[in-house]
Amino acid sequence: MPVLFQVSTIAQTIQLSLAPVFMLAAIGQILNVLAGRLARVIDRARILEERVVEIDVPADRTRYIWELKLLDERMSIINAALFLAVSSAVMACLVIALLFIANIAKFHIGTWIALVFIVAVSLLICCLTAFMWEVRVSLRAIHVRKEILS
């Protein structure tokens with residue numbers, strides 16, 4: 001009969017690990033979005049780097065340099081968001097592993113597991129905040145220039 005108890009205990013642990021698993025799935029999607037945005041920013045920066053060397057009009061050169069600085073800022077923010085997302089994913093994986101280790105070895109580390117999960121969620125919140133910040137920074141580049149509107 002102890003085998004049935006272990007199977008039911010493992011089943012319960014699997015149920016407990018569902019929240020971190022869903023969190024991992026969400027983080028995967030966020031990583032996909034961030035990687036896509038980073039790729040587009042890098043592509044745009046490469047195009048502008050080529051143009052800024054060839055341009056002779058000072059006003060256009062200033063505009064390209066301004067946009068390159070903006071793209072550089074966006075790259076930094078996206079890289080930070082990627083780091084935070086991956087860190088959150090690692091913490092979520094650690095939660096899942098600790099759940100099973102605690103269950104199998106009969107360790108009483110529930111408080112530690114909860115703290116690791118809180119860290120995972122906090123890192124995810126920071127990642128999403130950085131993503132929101134990057135979106136706001138990107139909006140600066142899509143406005144029509146004032147001299148064109150005049």
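Predicted model: local features only at pLDDT ≥ 70, side-chain atom pairs only at ≥ 80, totals over all residues.
Glu67 touches Arg44 and Leu48, leaving aside residues up to four places away in sequence; contact here means heavy atoms within 4.5 Å. Glu67 is found in helix α3, which covers residues 58-105. Residues are numbered from 1 along each chain as its sequence is written, and side-chain values use heavy atoms, with hydrogens and water left out.

- Is Glu67 buried or exposed? Glu67 counts as buried because its relative accessibility is 9%, where buried means under 20% relative accessible area, exposed over 50% and partly exposed in between (1.4 Å probe, protein chains only).
- Glu73 is also found in helix α3, and with a relative accessible area of 28% Glu73 is partly exposed.
- Which residues does Glu73 touch, not counting residues up to four places away in sequence? They are Trp133, Val137 and Arg140.
- Glu73 and Glu134 are 61 residues apart along the chain, and their C-alpha atoms are separated by 8.4 Å.

**Overall build**

- The protein has 5 helices and 0 strands, with helices (H or I, at least four residues) and strands (E, at least two) taken as DSSP runs numbered from the N terminus.
- With a radius of gyration of 23 Å, well over the 15 Å that the globule rule gives for 150 residues, the protein is more spread out than a compact globule; the radius is taken over C-alpha atoms, and the rule is 2.2 Å times the number of residues to the power 0.38.
- Along the principal axes, the C-alpha atoms fill a box of roughly 85 × 25 × 20 Å.
- Of the 150 residues in the protein, 31% are buried.
- Among contacts between residues at least 6 apart in sequence, 78% join residues at least 24 apart.

**Transmembrane annotation**

- An unreviewed UniProt entry places the feature "transmembrane region" at residues 12-34, 77-105 and 111-133; UniProt positions are given in the numbering used here, feature names are shortened, and annotations may be inferred rather than shown by experiment.
- Residues 12-34 are 96% helix and 0% strand, and the end C-alpha atoms of this span lie 34 Å apart.
- Residues 77-105 are 100% helix and 0% strand, with end C-alpha atoms 41 Å apart.
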